[in-house]
Amino acid sequence: MGVSGDEAASGNRAVSAKAKPLGLLLTLVIAIVFVVAIGVLFHERTYKSPSGLQVARSVGTVTVNGVTMPHVTLHFATFPDSTGSVNGVAIHPHGNPSWPVYGMTNVFQVPAHALVTVTVNQYDSGGSLNNPWFATVRGTVGGVMRVDGRLVHAINPNATAHTFTVRAAPGVDPGFFLNVPLPAVGGTNQSDNGPHHTVVFSFISGNKGTYAWNCEYPCGTMVAGFGGPMGTWGYMSGFLYVV
Amino acid sequence: MTSGPTVEAAQGDGAGVARGAGDAEIPKPLFSRPAGKILVIWLIFTAIGIVLALVVPKHTFPPMLTKEGDTGVTTVIFFTIMAAPVAALVYGIAAYSLLAWRQRGQRDEPPEDGPPLRGNAPVTIVWLCVTSLLCIVLLVWGLAAMAADNQAPPGALRVDVTGQQWLWTFSYPGTGVSSRSLVLPLNRPVQFDVTSNDVTHGFWSMSLGVQVDANPDVVTTIYATPNKLGKFTVQCSQLCGLYHSFMYAPGAVVRPGAFALWLYANGASLRAASLDAKVKMTRADTATGQVTAAVGATPAGS
Amino acid sequence: MTLTAEHGHEEPAGGEPPHGHHQSPAQRHRKEHLALWLFIGGDVVFVALMIFTWFYTRALNTNGMWRGANCTTANPCTDGLGNPLTHQVPTANPWYGVVVAVLIVVAALLAWSAERSSRERAGRGTIVTSTTCALVALLAAVVVQCYEFGALPFTTIVGTYASAYEFFMGSALTHALLLSFLALGFLIRSRAGRYDDGQWYQLRLYRIFAVWIAVSICVLTFISTVFT
Amino acid sequence: MTTTATPLLEDTPLGPEAGGLYRHQNIVTGMVAGIVLAFVGWLISHALLQGSNWGTDMVVTVTMTCWVIGFNAGIGTFNGPFRWLTDNDQTPEDELYAAGVGQGAKRYWKFCTDHKVVGTQYLVLVMVLFAVGGTLGMMIRTQLITPHSSFMTPQLYNTVVTVHGMTMIAATIIMVTGPFTNFIMPIMIGAKDMAFPRLNAASFWVVFSAVPCLLAVFFLGGVNAGWTTYAPLSVQDPPAMDTFALTILVFAASVTLAGVNIIVTIVTMRAEGMTMFRLPIFTWGSMLGSALGLYAMPAFIMAMVLMITDRATGTSFYVAAQGGTGWLWENIFWIMGHPEVYVILIPPVAAMLEVVVTFSRKPLFGYVIVIAAFVAIDALSILVWAHHMFTTGWAPDLSGPFMLTTELISIPTGLLFLCIIGTLWKGKIWTRLPMFFVYLFLWNFIIGGVTGIYLSDVPADGLFHNDMFVTAHFHYTLMGGAMMAATAALCYWFPKMTGKMLNERIGKVAFWIIAVAFQVTYLGMFWEGFEGMPRRVAYYDPTFLHANQMATVGAYALILGWLLLLYDIIHSWRNGTPAPANPWGAKTLEWKVPTPVPLENFVVEPVVTSDPYTYGEPEKVPSAKPAPEPELIPGGGGGGGA
């Protein structure tokens, strides 16, 4: 027993003496490879925002309620089929058939405390909201929007295609809330280049920070219509960066 | 290896018999010499535990705005104080075993055997009784607190809470008001009827001390009685998909008057607002621009 | 702890080969008997949870969609695909379930008789007959169960009664297939004369398992036909 | 018996050429068969089902099932049943070959029935799983450095959280019963192998084949639902949820197989004189932990089968619109979920008790009390599941009873602590590396236990449920408790399993990094929890910033500590000094056989005359039967397996 104990002891010293950093490097490399591999994997696959950031175009300044602020514009559209293309440009790099999608990108950037005028071309059909509360325009200037030129406060909750609903990340600007319902295109010939509604509205951006927008009309698959495009990054959800 | 067992046996015999004999005369080790020092360590650890119990929650919890929240905080403090002595005893003996009984010097060979202490009935029984007693105390406390929280209070304000991916909406039956922010009057019990439009969400506000899941097509009810003015946040506590992180709602506890004004500003009739807030409100009051100010977090949009 | 060299442990001549992975029938019987009961214990949890699922969804009856009792042409419910459901879901024809249960009970009894023949050294012929008939009965049960899937008056998407009923059918089918596998093995091995000279312990385990499955399927069939 | 394995080997044909195809199977053939069958399954199911309702889900399920079946067929999991079916039972030579005789290191890549090989395979698998889970954990902490980091999108974050949770839960379930019970327990009870060696190997290769299914989650759209995959959210998720559910199904099946095998081994394979109450306590812990697993795992499988049918065949068990309810999922899941916590906890604690005994050179304090406590925990833990559901609104009237059972379970747990400190009492504490982790266990598990009391109480649970406080609490119990105990066991049995001494100098550096960093990390999470930060959020209110930064810094240090320990293990395993048979002077049987352990463990069948805790006692205590004159084992004999 005693003999073996001494062996063990001397063994320890011997090992620690000729301890090579090779194994340590190896383990470190393995760990780093894990991180990089998984990170790259996700960045390149469905999790990436389809076409990068759209920065709002500045069109000078404007005065609202006696406050002078920059005025910028955003322009995007809602398409019925994410595999389609507009003027030869694919709407989504790897879209799914029959998945609706916001195009051409789902991440936008606007300056803080500015008047943002947004133009949305809505090509998709629609149906009933699971909560009529979202059929009312909320948070825009005057609480109104223009649908094909007409001023409206709300639309028919049973003929809604999508909504553009924005709230700030926690702690950024809890008061900020924007909900714009997008009316459905009637008929049966909806396509990525077919008939559409043009919706125009303005809102005053809040504090600097990250804002999340998504669609509140259950246009997805699976339970409650919130799977598929609704649950997958880059289709019916995105970010609004206020800088 | 060949000589392994014999060597051990020798050790066993030599040490074992001596130790065994030496220990046989001490039936209750707890009353033997080390007890004094362990008592000191135990007292120190207990004191630390109690101090932590009194200091940490006070400085880390968000301000509690309801009776239920206060109950929760008191429970945490009380339980910690109850648990501190037991934890301290384990820590004390473990620490003492390292300080006093550690084998010093030659650490490459196994030390000689310790006393063959295979158990100690009195100690076990005492330990069992103490832990059981603690259990019962905790249980009684918990049941009492639970009973206090769970009765439907008379004259409660009803709020229908609807969760959906990934927003909350709060509607006040009888007023037609429906909002994304939760505004509650002071010193008035509230009954939350919680449900969901799609998947399971968690209606949770730490400041209100309420948490209950929002289940699709089922209504779950929970009560709270705000007793302080202030702002709070309602947060979805049950992972609900892509934007779970963004599923929160601003809220505030305000005076009944301000509550009535807020209802009115969000589309309730003068009468309905006054009824729901249990105040007398005239059109003159509504002219004062106090609404958003009183409500604070409430956005103009909703 | 003391170790001693025991020299009295040799097996009688022709006993077990000297490798630990291979033991005498008596030892294997003891081990496999205990293992079988542990597996049955796990299966009991399955069956208990299936029964819990049945009665819990039936009692909760969310949206009245256990069988859609309130669905009418006036205000139709929606099924799993969003199509209108305008009538109460009809109950399934109980006779399929009864036939399956009976066939499996028969198979269990045949397994029992096979064991008895082996115990009584009744000769290879009787054992083979029993195992063959057991296999036939089980395959018949499988066929009937599969046929019922086609003959159901509803699909899975019309509420929890339909879902739970088909789930019970699926579990009966799985168990029947499992037993058929064993039955096939016992047929082949009994033809090869494995169980002629009193080597009956595997047949005994087979019988115990078959009896348990027969019991569980009878219980599940009773529930799914009575508590609709 | 007198004949040993060694002489047999010479005159038996054991080469691959002898036994036909069966002897050519290894992990490569398994991979090939798995991929081929999966591809075939994909072709067929895609042709038949794609485009129909839930087509994608059915295709994914079929393909992954085919992979699992194909891999196991290819590596030989089904050989036993198949040869039984065709009346072509394995010959003793086949069994010797399957046990890895004369195949050197190759046998680690085969369907090897030697329990020591299986234990080693499990050890490596568990370390790999911990590496994957730890990496994902680091990704989570990285995302949370800043309140609104764009390191990961919400969907990626949810997926990482889910896979981190499931990987760690799976790894901790098998982290002791896999490596140590398989390798050590049969020797401890004086058996030549497990009761069902083929079942033993099967349990490993089945769980191995489940790992690719888990990682496939990354390629199939990700899972949003967290490791608890609460329905109906999980019914809504992308097809990744199907393979996730299948992973758990296969994993639970493997744990069930292993559990049956362990219990049967302990009950029927004990050496002469090894009565149930002479069993080392680790054996009891393995048996009672596995018994609880036999209750929990079928529930796990049940929950997941219902999930798959809901997703792939349109049943509606969890879909409220069609009459189902998420409460059904929550009940079945937690009926599994809370016993499963003790499936994780009991074996490591039992293993740690062996360490405590050996390194305080004293008999176990209250041997019978420990067993009673384990039994009481087993019994109570199946009655407490609904304390995970206090806030779900399901049956509020039952909160009282479940609060009672939950708080009752702290009594047997307290008894375990009494037995640990009772064993330390007046011991000759030998502070080698395993003992360090024992003290770390004591420190962490007390904190985990005390914080658990809040969560067992309904009013406090209303504050903390689904809050980072809960995350910190179960990391303190499962990682700070169970995993530290398992690490102590690893350091303790490393010499016996690998035949090398673990380098203690590096080990102690790693220990101190782990010990300190762990506190920083999870006290930071407690802080987040007190402040009211919810679990599983990728974006949080900046008021939680400092707590999160504390936790993240601690987490980075923690992973460094684990990596250092991993380096120590790999390095000592490859070129540490050879270990003597009994470096710790322990008295359980596994230390009385030579290192490396020969194929049949015992050259001479042991006869046991006392329990292994005779420290400080005369060696010969009166035993049931008068034992013959003690003789010594011929040292280093056998060696067939090594």
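What follows is a guided walk through this structure, chain by chain and contact by contact.

The model is predicted, so local features are reported only at pLDDT of at least 70 and side-chain atom pairs count only at pLDDT 80 or more, while totals for chains, interfaces and linings use all residues. Residues are numbered from 1 along each chain as its sequence is written, and chains are lettered from A and ligands numbered from 1 in the order in which they are written.

Let us begin with chain A. Its secondary structure comes to two helices and 15 strands; here helices (H or I, at least four residues) and strands (E, at least two) are DSSP runs, numbered from the N terminus. Of its 243 residues, 46% count as buried. A residue is buried if 20 or more other C-beta atoms lie within 10 Å of its own, exposed if 12 or fewer, and partly exposed in between, with C-beta atoms placed from the backbone. Among contacts in chain A between residues at least 6 apart in sequence, 70% join residues at least 24 apart. Two residues are in contact if their C-beta atoms, placed from the backbone, lie within 7 Å.

Chain B comes next, with eight helices and 10 strands. Buried residues make up 49% of its 302 residues. Among chain B contacts between residues at least 6 apart in sequence, 72% join residues at least 24 apart.

One feature to look for in chain B is an open sheet of five strands with mixed pairing, in the order β3-β2-β1-β5-β8. Two strands pair if DSSP finds at least two bridges between them. At the edges stand β3 (177-179) and β8 (220-224) of chain B, each with a single partner strand, so one side of each is left without a neighbour in the sheet. Direction ignored, neighbouring strands of this sheet are turned by 25° against each other on average. Within the sheet, β1 (residues 157-164) and β5 (residues 190-196) of chain B run parallel and are joined by seven bridges. Across this pairing, B:Val161 stands opposite B:Val194 in β5(B).

Now find strand β6 (residues 201-205) of chain B, where five of five residues are buried. B:His201, B:Phe203 and B:Ser205 point one way from the strand, and B:Gly202 and B:Trp204 the other way. β6(B) pairs in the antiparallel sense with β7 (residues 210-214) of chain B over five bridges, and B:Gly202 has B:Asp213 as its bridge partner in β7(B). The two strands form a hairpin with four residues between them, and B:Gly209 in the turn has a positive phi of about 65°. β6(B) also runs antiparallel to β9 (residues 230-236) of chain B, joined by two bridges; here B:Trp204 stands opposite B:Gln235.

A helix of chain B is worth a visit too. Seven of the 10 residues of α5 (residues 256-265) of chain B are buried, so this helix is largely enclosed by the rest of the structure. Among the buried residues are B:Phe259, B:Trp262 and B:Tyr264. Just after α5(B), B:Gly267 takes a positive phi of about 105°.

Next, see how chains meet. The contact between chains D and B takes 83 residues from chain D and 85 residues from chain B. On the side of chain D that touches chain B, the largest share, eight residues, comes from α16(D). By class, this side has 44 nonpolar, 27 polar and 12 charged residues. Ala, Val, Leu, Ile, Met, Phe, Trp, Tyr, Cys and Pro count as nonpolar, Asp, Glu, Lys and Arg as charged, and the others, Gly among them, as polar.

Chains C and D meet as well. The axes of α1 (residues 25-60) of chain C and α11 (residues 240-268) of chain D come within 9 Å and cross at roughly 140°. Axes are lines fitted to C-alpha atoms, for helices over the stretch in contact, and angles run from 0 to 180 degrees between N-to-C directions. α1(C) and α11(D) are therefore oblique to each other; angles under 35 degrees count as roughly parallel, over 145 as roughly antiparallel, 65 to 115 as roughly perpendicular and the rest as oblique. The residues of the contact of α1(C) with α11(D) divide into eight nonpolar, three polar and two charged.

The last stop is D:Thr313, found in helix α12 (residues 281-313) of chain D. D:Thr313 counts as buried because it has 20 C-beta neighbours inside 10 Å. Leaving aside its neighbours within four places in sequence, D:Thr313 is in contact with C:Thr156 and D:Trp54. D:Thr313 and D:Trp54 are 259 residues apart along the chain, and their C-alpha atoms are separated by 6.9 Å.
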